[in-house]
Amino acid sequence: MPAASPAPPPVPPSALPPTAERPTLDVLLPLARAGERLPADPGEAALTALYDHPLPAPAPGALADSWVRANMIASLDGAAAGADRRSGSLNGPADLRVFRVLRAAADVVLVGAGTARAEGYGALRVPAELAAARAARGQRPDLPLALVSRSGEIPAGLLDSGDPPLVVTVADRPDLAALQARIGADRVLVAGDREVDLPAALAALRDRGLTRVLTEGGPRLLGSLLTAGLVDELCLTWSPLLVGGPAPRAVDGAPWLRPAVSARPAHLLHSDAVLLGRWLL
């Protein structure tokens, strides 16, 4: 998520500089707002308004639907990761400004277990300065992590933490009983028999009141979600890097989408050659 020269080290969210040092973002689209500047402020009010995570209204007598937002990054040559096989090697301060806001707006973060291993995921925390807006939207203060894993290894550090993730898996997982005993049966969401049933997984999250879903990939999980027609929007950052190598694209492992999924821009931002787009699918 190999090149001729070494990639820069990943930039963790905790390394984002203080508010006064965070990059200003320039609005390119929509045209009516082109030229507007978005300097950082502690609560990120302007940026949060741009990235407001829609909450689908339920049909009469029905549960609320889900709104699935994907957040991905790509190099100029289309790679979803650098030479270290991590997307973090493509990140920078502008992308991390948006990354924090997207997480704070979500009810749950959905990722593949392989991505959790590669990117070193831990328990998620909403930054204190973004907590007030989250509370005002009626969202719970904690941000659950949901891992999709048919049978793959789940990092022990996550499973044994004081706040283990939700695990979306299948009924014939060999270690299902052991996993349920380890983190609690209520945290294991069985969705499908042999292959993960993603609509069923989203329904299980909805049953817990988790309807604003942010998926951070990896590329194969995003491909599966797109193939199933489950993605409502894509937030895609273009990093001004060329990495070469056999890296996956932001969408990987999916068949041809027929018809191709069309998208329209909600907005496009810029900072120091980094482009940050939000696309409605």
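UniProt positions are given in the numbering used here, feature names are shortened, and annotations may be inferred rather than shown by experiment. The model is predicted; local features need pLDDT of at least 70 and side-chain atom pairs pLDDT 80 or more, while totals for chains, interfaces and linings use all residues. Residues are numbered from 1 along each chain as its sequence is written, and side-chain values use heavy atoms, without hydrogens and water.

An unreviewed UniProt entry places the feature "domain: Bacterial bifunctional deaminase-reductase C-terminal" at residues 67-258. Over residues 67-258, the chain is 31% helix and 19% strand, with the end C-alpha atoms 22 Å apart. Helices (H or I, at least four residues) and strands (E, at least two) are DSSP runs, numbered from the N terminus.

One aromatic pair is found in a search of the whole structure. The ring centres of Trp-238 and Trp-279 are 6.5 Å apart and the planes are at 80 degrees, so the pair is edge-to-face. Rings of Phe, Tyr and Trp (its six-membered ring) pair if their centres lie within 6.5 Å; planes under 30 degrees apart count as stacked, over 60 as edge-to-face and the rest as tilted. Trp-238 belongs to strand β9 (residues 233-239) and Trp-279 to strand β11 (residues 274-280), 41 residues apart.

Arg-134 lies in helix α4 (residues 128-136). The side chain of Arg-134 reaches the backbone oxygen of Ala-106 at 2.7 Å, a polar contact being a pair of N or O atoms within 3.5 Å; within protein, one must be able to donate a hydrogen and the other to accept it, and residues adjacent in sequence count only if both atoms are side-chain atoms.
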